[in-house]
Each structure stands twice: as C-alpha cells, then as structure tokens.
Amino acid sequence: MSDCIFCKIANGEIPSRTIHEDDFCRVILDLGPAARGHALVLPKEHYANIYELPEDKTAQAFVVARKMASRMTEKLGCDGFNIVQNNGETAGQTVFHFHIHLIPRYKDDGQKIGWNPGSPSDEELDETARIING
Ligand code: 5GP
Ligand code: ZN
C-alpha cells in the first residue's frame, strides 16, 4: 500500500521511535499517547484490520503485544495495562493498517478506556447468543 503511513513507518521509510523490531513487525511510540509509553504494534505487511489478518500473523502480533506488555511494565513502572485493537471507523479505527495499542496505565492518569455498560434482559442475551452460535 504505497499511500499507507503505517506501511511506511513499519518498513522504516518514515522514522519512528521504535521500541521493538523483528522480521514481522515494528513497535513504535504513538504520537498522540493516551499515557506515557503508549505504543503500537505494526505488522510490516499491510492488512487493513483483524478480518484481513491471517491467523498465524494474528498469533504473532498478540505474542509481541504480550511480551512488550511485560517489558514496558517493568521498565516504565506502570500500574496496569490496556491492550486495545480497533477495527472499522465505528469502532474508532482511524488508520486502516492493522495495529495493536499497548497502553501503560498509571494511577490517576485521568484516562478512561471503556464503555457505558448496557443492561440487556435475559431474553436479549439468550437471543444474542443464539444468533452468534447459529
Ligand atoms: P486507531 O484510532 O486507528 O486505532 O489508532 C491510530 C493511532 O495512531 C492513534 O493513537 C494515533 O495517535 C496514532 N498515529 C497516527 N498517525 C501516527 C504517526 O504518524 N506516527 C505515530 N507514531 N502514531 C500515529
Ligand atoms: Zn499499511
């Protein structure tokens, strides 16, 4: 994808603050961090979202995320850690090259990463499960 900024960053054509690189991916600091150390796992190959990402590469990406979470927690001394992955505009995706957000969390960092909980009836939950399982 010649016009994809994350392709260019992942492949080193645009400089980035890299905190991990291997044959499969590059992990970079996010320029608009939710908290100190917020980073992105970028596969070097272009896949728009998780639906396009082959299973073996999905596994690789999440293994990198898991290793980075440990290293970043140790080095940054954060108190918690969010791993976030957005697919589609409706879900908040703004760059359409698959990436995993690694977000160290600190007590009183003032961030909110979450949702407003709903209160579905038992029937609604049963129906949703039926649709997914059907
Ligand atoms: P999304 O909203 O697609 O899940 O996340 C895109 C993320 O990429 C945002 O957190 C945004 O701050 C970050 N971002 C966008 N452009 C750049 C860039 O050129 N360099 C870096 N390091 N991060 C970027
Ligand atoms: Zn790309």
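**The surroundings of ligand 1**

A: Let's start with who is there: 16 residues surround ligand 1, and the closest are Leu29, Asp30, Gly92, Thr94 and His101. A residue gets onto that list by being near, that is, by having a heavy atom within 4 Å of the molecule. A word on the names: residues are numbered from 1 along each chain as its sequence is written, while chains are lettered from A and ligands numbered from 1 in the order in which they are written. Keep in mind that the model is predicted, so to speak of a local feature takes pLDDT of at least 70, side-chain atom pairs count only at pLDDT 80 or more, and totals for chains, interfaces and linings use all residues; side-chain values use heavy atoms, with hydrogens and water left out.

Now zoom in on the oxygen atoms of ligand 1. One sits 2.5 Å from an N or O atom in the side chain of Asp30. Asn86 also brings a polar side-chain atom to 2.9 Å from an oxygen atom of the ligand. With Gly92 it's the backbone: an N or O atom there lies 2.9 Å from a ligand oxygen. Taken on its own, ligand 1 has 520 Å² of accessible area (Shrake-Rupley method, 1.4 Å probe), and the protein covers 79% of that.

The space that ligand 1 takes up is the largest pocket. H1 has the largest share, with three. Helices here are DSSP runs of H or I with at least four residues, and strands are runs of E with at least two. By type, the shell has eight nonpolar residues, seven polar and one charged. For that tally, Asp, Glu, Lys and Arg count as charged, and Gly goes with the polar ones.

One more stop, at His97, in the loop between strand S4 (80-84) and strand S5 (100-105). Is His97 buried or exposed? His97 counts as buried because its relative accessible area is 0%, and buried means under 20%. Its side chain reaches the backbone oxygen of Pro43 at 2.9 Å. The side chains of His97 and His46 are also joined, by a polar contact of 3.3 Å; a polar contact is a pair of N or O atoms within 3.5 Å, and within protein one must be able to donate a hydrogen and the other to accept it.

How values were computed. 1 Å grid on protein atoms, 1.4 Å probe; cavity = no way out; pocket = protein on both sides within 12 Å on 5 of 7 lines; lining within 4 Å. Sits in = over half its atoms within 2 Å of the grid points. Buried < 20%, exposed > 50% of the residue type's maximum accessible area, 1.4 Å probe, protein only.
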